[in-house]
Amino acid sequence: MRRFIGLVFLATSLSLVAQDQNGTWQPDLTRQQTYTSHRASSSDPTGANADARRVEPGSSLTVLDTDGPGNISHLWFTISSDEPYHLKRIVLRIYWDGEATPSVEAPIGDFFGLGLGDYYSWQSELLSVGSENSLNSFFPMPFQKHAKVTISNEGKQPIGSLYYNIDYQTDSHPLPVGTLYFHAQYRQAQPNHGWTNNWTSNGDPLVDDKRNLNGEDNYVWMQAKGSGQFVGVTMSVLQNQDGWWGEGDDMFFVDDDTTPAISGTGSEDYFLGAWDFGGKPFSYQLYGAPVVGPELAGSRSSVYRFHLDAPIPFRRSFKATIEHGNANHRSDNYYSVAYWYQAEPHAPFPPLPPAEQRLPVVQQVGGPGNANAISNPAGTPAKPAPEPATPPR
């Protein structure tokens, strides 16, 4: 009987653990919620219809400043600005519990997956851009003491109209012990520095036979100290060279590993497509390539992946990377935002590049097609290009 009771207890415990690990992040709609709902918005405080805010160049606007315990469940922005590439010039920052440096810092377009500085509609479980130019985030963002969200205009022209709605909840109960905080970090390489430009195709033995077992010179999506878990990345690519940009493998380094704990088979494979994406854009709940350009210098692409099925945990440190071409032979431009949760405090972020340096511009790096590449002038939209891709080797 004791053995039977023990087995029943063990089975019940494992079942509860499994439910906890596999539970969804949305509230249970069948249970009464005990939080109090709030919204911080740009609505006209007089009750009239002037529901937007103007943000002058060089100034910042605090769009949320509230005490906890609480959770931000939804961010919504739409922007009217005449300045080209304003999505790259406007910066979103989020601070938790009175910290001096933000846990979220990214150009607002990049945060919402628009790393090329142009609007296009796409949809995922956590981020989406709807009609017309509406930016949405559904990342859960808990905080114990305080939350502050700011928008900074680092451009040269005013934001004529900034509309926003931030939905959040407060509760009288403290956050559960061990609750992790949301983080998002922008990085870019304009350009990546390929180790050679003396090649004519990705299949050249010079580059195809090159080995990279330790991630040396990989493009870094993010690097963290402490404990937490990696949940995903959005990335945009401006090609400086002809050919398929995505021969590089993803590599993840967990807890001070000198070799990757997880490594992949190619960039389109990590973003859960295949065969150069077939030259066609696609967008699903956890992965996609909403913009797929032709395999030519000057072409633009955007990709994303979220690990909601199994976030990658770390206890002491973590580094998420990807090669730029096989063993880093290519010199394309990458712009990315990585998303993760971790215990505070977080390690310092790299300095955000100045606004003008964030604008996507073709770089003269040599290699196939580079001499003929012409940078898109400011404001020229990057559109999905579903031309057939060159069949892979």
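The following conversation discusses parts of a predicted model.

User: Which strands form the open sheet, and in what order?

Analyst: The open sheet has four strands, arranged in the order β14-β22-β16-β17, and their pairing is antiparallel.

User: Which ones are the edge strands?

Analyst: The edge strands are β14, covering 219–225, and β17, covering 262–263. Each of these pairs on one side only.

User: How many bridges are there between β16 and β22?

Analyst: Strand β16 (residues 250–254) pairs with strand β22 (residues 317–322) over five bridges, in the antiparallel sense.

User: And what is the bridge partner of F252 in β22?

Analyst: The partner of F252 there is A320.

User: Changing topic, where is A40?

Analyst: A40 lies in strand β1, which spans residues 36–41.

User: Is A40 buried or exposed, and why?

Analyst: A40 is buried because its relative accessible area is 14%, and the cut-off for buried is under 20%.

User: What does A40 touch, leaving out residues up to four places away in sequence?

Analyst: With those left out, A40 touches V63, L64, Y164, N165, I166 and Y168. Y164 is 124 residues apart from A40 in sequence, yet the two are 7.9 Å apart in space, C-alpha to C-alpha.

User: Now H146: where is that found?

Analyst: H146 is in strand β11, which covers residues 146–153.

User: Which side chain is joined to that of H146 by a polar contact?

Analyst: The side chain of D65 is joined to that of H146 by a polar contact of 2.5 Å. Not counting residues up to four places away in sequence, H146 also touches several others, including T66, Y95 and W96.

How values were computed. Residues are numbered from 1 along each chain as its sequence is written. This is a predicted model: local features need pLDDT of at least 70, side-chain atom pairs count only at pLDDT 80 or more; totals for chains, interfaces and linings use all residues. Side-chain values use heavy atoms; hydrogens and water are left out. Two strands pair if DSSP finds at least two bridges between them. Helices (H or I, at least four residues) and strands (E, at least two) are DSSP runs, numbered from the N terminus. Buried means under 20% relative accessible area, exposed over 50%, partly exposed in between (1.4 Å probe, protein chains only). Contact means heavy atoms within 4.5 Å. A polar contact is a pair of N or O atoms within 3.5 Å; within protein, one must be able to donate a hydrogen and the other to accept it, and residues adjacent in sequence count only if both atoms are side-chain atoms.
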